[in-house]
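Student: I'd like a close look at one part of this protein, and then how that part sits within the rest of the fold. Could you walk me through it in one go?

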Amino acid sequence: MKLIRRLLLVFMGLIFISVLPTLFFNNDFQYVNMTGKSGSFGFYPLDYAVAIYQVFLNLSQPDQWSLVVMGKEYALTDVMADRVTYSMKVFFFSLSLAMIIAFLISILISLASRKVNRRLLSIVNVMESLPDIFIIIGVQLLVVMYFRKTGVLIGDIAMLDEEIYLLPVTCLTVIPAVFLIKTIVLLLKEEEQKFYIELARGKGLSSLYILVVHSFRNVLYSLFYRSKLIFSFMLSNLFILERLFNMRGVMDLLMWSTGYSFVIISSMIFLPFFLIFTFVEQRLKKSIGMKEDGTYA
């Protein structure tokens with residue numbers, strides 16, 4: 001019941017946001033977006049209420065769902081499935097790669113000497129300070145410069161209908177990998193102060209075994225809650241990537257959506273992650289004996 005209530009609240013929030021420009025402009029937002037002309041700025045609560053009602057009405061007619069892209073109208077159900085699949089493949093490829101890289105580098109940092117540890121962390125800090133857009137454009141420029149010098153094109157930068165993966169996945173992996181590395185290293189340092197680590201060392205267990213088998217297992221719960229921030233970073237970066245790489249993903253459709261189409265597309269992006277996080281959270285709470293009210297059994 002709690003899950004359904006949360007879903008309804010999010011769904012209603014998306015509906016209110018989808019027609020929000022109507023509250024301040026007396027023109028339809030699709031018209032404003034396509035022509036560049038704005039309506040009279042003001043406060044129009046009645047028009048806003050009518051627009052919300054229209055969204056509910058359109059959502060109840062799936063056979064009429066459509067989306068206008070660059071002046072051409074498409075059936076929403078025809079274009080959305082392929083777009084969502086493409087974007088999610090790029091997203092999960094990047095997430096998987098970021099997790100593997102973060103796991104390996106965090107182990108290296110944790111096992112390295114203090115001098116090497118400090119240097120590796122300084123590199124991570126520099127990478128973290130770089131803006132997302134700088135990394136994306138920097139990768140594009142490196143590919144162009146390499147192509148001009150060698151004549152070898154590492155990966156496509158812009159495209160029409162084909163799907164590209166190498167450069168988008170590379171760009172989307174950097175920021176979450178850096179964030180995960182810093183988070184894991186910090187959590188592992190906190191674990192080093194606990195008594196079970198001293199006990200394991202006293203038994204003669206190797207540092208690598210203690211780190212992988214015991215410490216990592218104990219930081220998963222804390223890491224999971226911090227991962228929600230990573231997902232939000234990656235989704236915002238995916239939006240930028242699809243614009244700069246001219247990708248035909250679901251985020252690109254958001255540029256042209258308004259009203260009910262915005263609600264549908266946003267729900268398709270949000271719902272899978274919401275269900276995944278809810279399921280994993282319940283499993284983690286059950287594994288550590290935590291009840292729904294936050295107390296322990």
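Tutor: Let's start with Asn237, which sits in helix 9, the stretch covering residues 207-244. Keep in mind as we go that this is a predicted model. Is Asn237 buried or exposed? Its relative accessibility is 4%, and the cut-off for buried is under 20%, so Asn237 counts as buried. And what does Asn237 touch, once you skip residues up to four places away in sequence? The list is Asp132, Leu172 and Ile175.

Carry on past helix 9 and you get to Asn246, in the loop that leads from helix 9 to helix 10 (250-254). Asn246 has a phi of about 55°, a positive value, even though the residue is not a glycine. On accessibility, Asn246 comes out at 26%, so it counts as partly exposed.

Now for helix 7, which spans residues 166-192 and packs on helix 4, residues 76-111. The axes of helix 4 and helix 7 are 7 Å apart, and the angle between them is about 40°. Because of that angle, helix 4 counts as oblique to helix 7. As for handedness, helix 4 crosses helix 7 in a right-handed way. What kinds of residues make up the contact of helix 4 with helix 7? By class there are 20 nonpolar and four polar residues, with no charged ones.

Helix 4 also packs against helix 5, residues 114-129. Here the angle is about 145°, and the axes lie 8 Å apart. The crossing of helix 4 with helix 5 is left-handed. If you want to find this contact on screen, pick out Leu108, Ile109 and Ser110 on the helix 4 side. Across from them, on helix 5, are Asn117, Leu120, Leu121 and Val124. Sorted by class, the contact of helix 4 with helix 5 has five nonpolar residues, two polar and no charged.

Searching the whole structure turns up ten aromatic pairs. One of them is Phe92 with Phe273, a tilted pair with 5.9 Å from centre to centre and 35° between the ring planes. Phe92 belongs to helix 4 and Phe273 to helix 11 (residues 260-287), so to speak a link between distant parts of the chain, 181 residues apart.

Finally, zoom out to the whole protein. There are eleven helices and two strands. Reading along the sequence, the order is α-α-α-β-β-α-α-α-α-α-α-α-α. Of the 297 residues, 38% are buried, and Asn237, where we began, is one of the buried residues. Take the contacts between residues at least 6 apart in sequence: 71% of those join residues at least 24 apart.

Terms used. Residues numbered from 1 in each chain as written. Predicted model: local features only at pLDDT ≥ 70, side-chain atom pairs only at ≥ 80, totals over all residues. Heavy atoms only, no water. Axes fitted to C-alpha atoms, helices over the stretch in contact; angles between N-to-C directions. Helix = DSSP H or I, 4+ residues; strand = E, 2+ residues; numbered from the N terminus. Parallel < 35°, antiparallel > 145°, perpendicular 65-115°, else oblique. Left-handed = near helix turned anticlockwise from the far one by under 90°. Nonpolar A, V, L, I, M, F, W, Y, C, P; charged D, E, K, R; others polar. Contact = heavy atoms within 4.5 Å. Phe/Tyr/Trp six-rings, centres within 6.5 Å; stacked < 30°, edge-to-face > 60°. Buried < 20%, exposed > 50% of the residue type's maximum accessible area, 1.4 Å probe, protein only.
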